[in-house]
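Here is a short report on helix packing and a ligand shell. Read it alongside the model.

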Amino acid sequence: MILGLTQNARELDPSVISLFDDTVELDIPTPEERHVILQTCIMNHGMSFEFETSSIGNSQSGNNGDTGRLKDQDPIKAIARRCHGYFAADLDALCIQASIVADQQGRGMDQMTVEDFLMVMKSIRVSALRQSTSVQKVDSVHWSDIGGLEGVKRVLEESVIWLYKHADAYARMGISPSKGVLLYGPPGTGKTLLAKAVATESEANFIAVSIPDLIKGEVGESEKAIAKIFRTATRCSPCIVFLDELEAIFGTRESSGGLGKQLVSQLLLEMDNCGKGVVILAATNHPEAIDTSILRSGRLDRLVYVPPPNFEERVAILQILKEKTQFSDAVDLRTVSNLTSNFTGADMKALVRKAGLYALKASRVRSGTKATMSNIEAQDFFSAAIDIQPSVNQLGLLRYEQFHR
Ligand SMILES: Nc1ncnc2c1ncn2[C@@H]1O[C@H](COP(=O)(O)OP(=O)(O)OP(=O)(O)O)[C@@H](O)[C@H]1O
Ligand SMILES: [Mg+2]
């Protein structure tokens, strides 16, 4: 009997595949399977748990509230529940790392705590979300890196992040969360940035789909890729699937070509059939170009407008940019905000960059040939504000506001 193993069955020559009577695909473990695998790993390493309230109560990792709740549960189950998207190898790595933590604290394998596992979970890189080619890695952005947009942050927190934070409560109360959220608004208002913050918050439960990777390849491959993404999402659920620049492929079925039509149909199919724990987050700056069937109830039915910042929000954005650049203390952020009506977040970033260049130029004049960076002065902002124009005009804004209504 021949038993063949491969990581990628698609790359095998069909004649090789035909030699085998049967093919079995090993997918990402479901939460129940994860529990069993983790149990086995823990047993193989000869580990057991010790429940000393003191070690949980004096937790160092800032997870006190969580561990407090976990204390009442089966420890292995509690850990397994949090390992979204973990493969067996990841679970094993988790055990090894956790034992190192326990060892560093002078405890043996028979005195493990849930805390040890939670602590190392942050440093484990999950294989499931890494293996797919159309999945992107997103850099870490926190809510505090985004100025203003409080209303939008709240909606995302409630409709997307709560899904995995309060998965139990949703299940208990029998409510199904909104299936999808579409962020729309003028370019540069921070839609992608918001999605990155959601990704950071949700850790492994986030699949950012790279649309260029999705549409390249052979005929039929894109549909398969979409199906695979949703299958992964369902298995790792609760999970968020993020589709940026949605209009690029999911424009109206009439306006997009044959490929577009098939992709839209495939996406609709997946949206209707994916597991309850899957939420779709999408972003676009052409909401009117999106096929209306995607926006119907039960699909991307929550439309959230991401507007350009108002006066106070611009001050908040400047405050964030100030922390990353060197502003002179004399610069009054409210004055700069006054200079920048109708600017988007991206325009503000461009303004600060330009002001920085002016500051650099000025310091070069002062200190001869070798430029030494000095702080950005108010004057630099005035000069930069003349060069940088808002990227969205009133007419463009009106279009979004009309759609908003
Ligand atoms: N509210 C904000 N707070 C802080 N920075 C912001 C904000 N909005 C935008 N920015 C800055 O502008 C940059 C561009 O924003 P982003 O890429 O999120 O815009 P977008 O809405 O996705 O635009 P597009 O529709 O063109 O994709 C960000 O990387 C960020 O530096
Ligand atoms: Mg974007």
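## Helix packing: H2 and H5

A crossing is left-handed if the near helix is turned anticlockwise from the far one by less than a right angle, and right-handed if clockwise. Helices (H or I, at least four residues) are DSSP runs, numbered from the N terminus. H2 and H5 cross in the right-handed sense.

This is a predicted model: local features need pLDDT of at least 70, side-chain atom pairs count only at pLDDT 80 or more, and totals for chains, interfaces and linings use all residues. Residues are numbered from 1 along each chain as its sequence is written, while chains are lettered from A and ligands numbered from 1 in the order in which they are written.

Helix H2 (residues 31-44) packs on H5 at about 125°, with the axes 9 Å apart. Axes are lines fitted to C-alpha atoms, for helices over the stretch in contact, and angles run from 0 to 180 degrees between N-to-C directions. H2 is therefore oblique to H5. Angles under 35 degrees count as roughly parallel, over 145 as roughly antiparallel, 65 to 115 as roughly perpendicular and the rest as oblique.

## Helix packing: H5 and H7

Helix H5 (residues 75-82) and helix H7 (residues 114-121) have axes that come within 10 Å and cross at roughly 10°. H5 and H7 are therefore roughly parallel to each other. The crossing of H5 past H7 is right-handed.

## Ligand 1

Around ligand 1 sit 18 residues (C-beta atom, placed from the backbone, within 6 Å). The closest are Pro-187, Gly-190, Lys-191, Thr-192 and Gly-345.

Methods: Helix = DSSP H or I, 4+ residues; strand = E, 2+ residues; numbered from the N terminus.
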